[in-house]
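Reader: Could you take me through this structure step by step? I would like to begin with the whole chain and then turn to the details.

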Amino acid sequence: MVSNFRQQEILELARQQGKVTVDGLAERYDVTVQTIRRDLSDLAETGRLKRVHGGAVVPSGVINIEYDERRRLNEAGKRSIGQACAGHIPNGASVFMNIGTSTEAVARALLDHENLLVVTNNINIANILAANKSCEIIVAGGVLRRADGGIVGGLTVEMVKQFKFDYSVLGCSALDDDGDLLDFDGQEIMVSSTAIKRSREVMVVADHHKFQRKAPLTICSLCDVDTLFTDAPLSSGLGEKCTTWGTRVNVTGR
């Protein structure tokens, strides 16, 4: 339980921004840094935040952040990424879209597109695109993951194999300095990996918070991706790798 209203606001700020600092919070609330450190320690003890030097971040590791929290994290950045990605998808295209709050942002930006065929293993995306009457939506069958509306498993993979997509739009849980896209669920990765093989062009949507996170399983490398849409510049090392691989990087405004 969050013990006071200030801690609740701090938690919400961290969800929106990915990180909060001791000095910034002390100035915001006109309290001492010691008071803020106690607040952050309280939140860290309950697992809601993770302490880092000078502040705290939304935790990650071998367990993903709750879906509602992910949806609220950096909404403006994801919106700009979604609009940029949707701008590269023409009317009449066939598209696969996987599980994630960033891919959901792309779906919202596709509501004015015409004559799309969208295959997805994300019930949330199907519900979003249902408002686009010219969009044909196919939900890949399988096992429902109630926590986030994802559909995974062998049945999902077999259904995705039946298609040849113009585009795949993929999200991930983390993106490391080696250029590897990472996730938490092996069944979900099987679906995304299959979609990559069955797509003419692969696009990844990942906001800058994904650069700061970790996850244990590899989806693919950015060398397998045609375009990365993000909202902050890559590190110089990863940017150079993308240039070598021929992976385009589209950095949007937040």
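**Charges, fold and rings**

Author: This is a predicted model. The chain has 29 positive and 32 negative charges, and their mean positions are 2 Å apart.

Reader: How many helices and strands does the chain have?

Author: There are 10 helices and 15 strands in the chain.

Reader: And what is its radius of gyration?

Author: The chain has 19 Å; a compact globule of 254 residues would have a value near 18 Å, so the two agree. Along the principal axes, the C-alpha atoms fill a box of roughly 60 × 40 × 35 Å.

Reader: What share of the residues counts as buried?

Author: Of the 254 residues, 52% are buried. The accessible surface is about 11,900 Å², and carbon and sulfur atoms make up 49% of that area.

Reader: Changing topic: how many aromatic pairs are there?

Author: The count is 2 aromatic pairs. In one of them, the ring centres of Phe96 and Phe165 are 5.7 Å apart with the planes at 45°, so this pair is tilted.

Reader: Where do Phe96 and Phe165 lie?

Author: Phe96 is in strand S4 (residues 94–97) and Phe165 in strand S9 (residues 165–170), so the pair ties together parts 69 residues apart in sequence. Phe96 and Phe165 are both buried.

Reader: Is the pair of Phe163 and Phe165 stacked or tilted?

Author: That pair is stacked, because the planes are at 15°, with the ring centres 5.5 Å apart. Phe163 is buried, as is Phe165.

Reader: Which residues do the ring pairs link into a cluster?

Author: The cluster consists of Phe96, Phe163 and Phe165.

Notes: Residues numbered from 1 in each chain as written. Predicted model: local features only at pLDDT ≥ 70, side-chain atom pairs only at ≥ 80, totals over all residues. Heavy atoms only, no water. Phe/Tyr/Trp six-rings, centres within 6.5 Å; stacked < 30°, edge-to-face > 60°. Helix = DSSP H or I, 4+ residues; strand = E, 2+ residues; numbered from the N terminus. Buried < 20%, exposed > 50% of the residue type's maximum accessible area, 1.4 Å probe, protein only. Rg over C-alpha atoms; globule rule 2.2 N^0.38 Å. Areas by Shrake-Rupley, 256 points an atom, 1.4 Å probe, with all protein chains shown as cover. Lys, Arg positive; Asp, Glu negative; His and termini not counted. Charge placed at Lys NZ, Arg CZ, Asp CG, Glu CD.
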